[in-house]
Amino acid sequence: MTDTAILDNPLRAGLRLGRAPEPCTMVIFGATGDLTSRKLVPALYNLAREHRLPAGFSVVGFARRDWSDDYFRQELLDGINANSRSGAADPALWESFAQGISYHRSDFTNPEGYASLAERLNQIDEQRGTGGNRVFYLATPPDSYHDIIQNLGTHGLNHAPGNGWTRIIVEKPFGHDLESARALNQQLLSVFSEDQIYRIDHYLGKETVQNILVFRFGNGIFEPIWSRRYVDHVQITVAESIGVEDRGGYYDHSGATRDMIQNHLMQLLSLVAMEPPVAYDANAVRDEKVKVMRAIQPIAPEQLDNCTVRGQYTAGSVAGKPVQGYHSEKGVTPDSHTETYVALKLAIESWRWAGVPFYLRTGKCLPRRVSEIAVQFKAAPLMLFANGPTSDIEANALSIKIQPDEGITLKFNSKVPGQASQIRPVTMDFRYGTSFGVASPEAYERLLLDCLVGDGTLFTRRDEVETSWALLTPLLQAWQAGQGQPPQPYEAGTWGPHAADELLARDGRAWRRL
C-alpha cells in the first residue's frame with residue numbers, strides 16, 4: 001500500500017492496535033551518535049519485543065567512524081541495556097534482532113558511499129525480503145542535512161525499486177528562522193514528496209499528548225465547554241530542571257524560544273485549540289492545527305513588554321545540587337543575551353477562542369521537570385456562598401499532565417463533611433500507570449511505528465513548520481534588535497524571573513503551582 005493510500009484511509013490511519021508494517025530497511029545516518037544508542041535502537045528493540053516489527057526488518061548504520069558490523073551491534077546492545085524501558089536485552093530476542101543490523105562506513109559528502117549503500121540495500125531486499133521499502137533517518141546535526149538529501153536524490157535513493165516505498169525522517173530543529181525553514185523544506189521537496197517526509201517532534205509521541213484529541217473529541221461532556229464561553233485562560237508549561245549541560249555552544253545560538261516554543265509548545269497549543277477534524281487522518285488533523293497557528297495574533301513591537309518575558313538563570317541550586325550561572329557554562333559567551341526562560345501571552349483570533357489568553361512558559365534550571373496543559377475555567381456566574389468563610393471558592397481547572405506523571409486531573413469544589421459550611425477544592429485524578437497497569441511506550445516507539453505504517457498524523461507538515469516560524473521570527477528579530485526588556489535574571493531552582501509573575505498578575509491571574 002502506498003503512503004497516499006494509507007493517509008487517505010481514515011480507518012487505517014486511526015487504528016492504534018495491531019498495526020502491521022510491511023518488511024523494510026531503516027538507514028540511520030549518524031548511527032554512531034547518542035540519539036541512535038539512547039533512543040532509536042532501544043525503541044526499535046522494544047517494538048520487536050512486542051511483535052510490532054515485520055519479519056526481515058533491517059537496520060543499516062551510516063556514519064564516518066571505522067566500525068565493523070560486530071562492533072556496531074555491540075554498541076547498540078550496550079545502548080539497549082542502558083536505556084531500554086524493558087531493561088536488559090533478552091539474549092534470544094537480541095540474537096534474532098541483531099541479524100538484521102549492519103554498518104556502512106562513509107562520509108556524508110562522499111558520493112561513492114551512497115552508490116555502495118544502494119547496492120547494499122538491494123542485497124538486503126533479496127536476502128531478507130524487504131521489498132524495496134526504505135526509511136532514511138537523519139540522526140545528524142542539521143548542517144549535514146543538505147549533503148545527505150542531495151546525495152540520496154542524486155543516487156536515486158529517493159525512489160524505491162519495484163513496488164516499494166521510501167520515507168525520510170528529519171529531526172528538529174526544522175530551521176533556525178522562517179528563511180532557513182523554507183530553505184530546508186524546499187530542499188527536501190526537491191528530492192522527496194511531502195507524503196514521504198516525516199518531521200519528527202518526540203513530544204507528539206508522548207502518550208498524554210496523543211490522548212488530547214481522544215479526550216476532547218471522544219467524550220461528549222468536554223467539547224461543549226471547550227471555548228471562550230466557559231474557559232478563562234489556558235496555561236502551557238514545559239519546565240526543565242537541567243541546565244544547558246554540554247550543549248552550551250549550540251544553545252547559545254538557539255535559546256528557549258527556538259529550542260522549545262517553536263516546536264513543542266506550539267504543537268501542544270494547536271492540539272488544545274484546534275477545531276474537530278473532518279476525519280482522524282494525517283492531513284485532516286494537521287489542517288486544523290495549521291488553522292490555529294494562522295489565527296494567533298502576532299506580537300507587535302510595542303507589545304513586547306506586555307506579552308513576553310525572557311530570563312537567564314544565575315547560580316543557585318536545583319534539588320539540593322549547586323548549579324552555576326548560564327554565563328559560566330562552557331560554550332556560552334560572557335555577555336550573551338540568549339534566553340534560558342521565556343513566557344508568552346498569545347491571543348487566538350478565532351470564533352472559539354477570541355478573548356481567551358494562552359500563557360506559555362518554558363525554562364531551564366527550574367525546580368522540577370514537569371510538562372502540563374491547564375485549562376482554567378471561568379468562575380461561577382453567581383456566588384451563592386458569598387457570606388462567611390465559604391466565599392473564597394476556586395475556579396475549576398482541568399490539567400493534562402504530560403510528564404513525568406502522565407494523566408489528567410479535574411479540580412472542582414466540594415463541601416467538607418461536618419456541620420460547618422466549608423468548601424474545599426478536590427481533584428479527580430486519572431493516571432495511565434495505575435489505570436491500565438502497563439507502562440506507556442516511549443515516544444520514539446510510537447513515532448517510529450507510525451512512520452513504518454505510513455501514518456503522518458503525529459509528524460509535522462511543511463506548512464505547520466513555516467507558520468510557526470512566521471509567528472516567532474519577527475519576535476526573535478525584535479529581541480535581537482534590542483527591542484523589549486533584556487533577559488531578566490532568575491536564580492537556578494526558582495520558577496523564573498519576577499517579570500513572568502507580573503505578566504499574569506496584570507491580568508488578575510497567576511501561574512499554577514506545580
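Predicted model: local features only at pLDDT ≥ 70, side-chain atom pairs only at ≥ 80, totals over all residues.
Residues are numbered from 1 along each chain as its sequence is written, and side-chain values use heavy atoms, with hydrogens and water left out.

The structure contains 20 aromatic pairs. Rings of Phe, Tyr and Trp (for Trp, the six-membered ring) were paired if their centres lie within 6.5 Å; planes under 30 degrees apart count as stacked, over 60 as edge-to-face and the rest as tilted. One of these pairs, W67 with Y71, is edge-to-face, with 5.0 Å between the centres and 65 degrees between the planes. W67 is buried, at 16% relative accessibility, while Y71 is partly exposed, at 42%. Here buried means under 20% relative accessible area, exposed over 50%, and partly exposed in between (1.4 Å probe, protein chains only).

Y251 and Y326 also form an edge-to-face pair, because their ring centres are 6.4 Å apart and their planes stand at 70 degrees. Y251 belongs to helix 10 (residues 248-251) and Y326 to the loop between strand 10 (321-323) and strand 11 (341-347), so the pair ties together parts that are 75 residues apart in sequence. Helices (H or I, at least four residues) and strands (E, at least two) are DSSP runs, numbered from the N terminus. Y251 is buried, with 1% relative accessibility, and Y326 is buried, with a relative accessible area of 1%. Elsewhere, ring pairs join F29, F62, F108, Y114 and F136 into a cluster.

Charged side chains were also found over rings. R167 sits over the face of W165, 3.6 Å from the ring centre, and K206 over the face of Y203, at 5.2 Å. The criterion requires NZ of Lys or CZ of Arg within 6 Å of the ring centre and within 35 degrees of the ring normal.

With a disulfide taken as a pair of cysteine sulfur atoms within 2.5 Å, the count is zero. C451 is in no disulfide, and the nearest cysteine sulfur, that of C24, lies 8.3 Å away. C451 is buried, with a relative accessible area of 1%; C307 is buried as well, at 13% relative accessibility.

V426, in strand 16 (residues 423-431), is partly exposed, with a relative accessible area of 30%.
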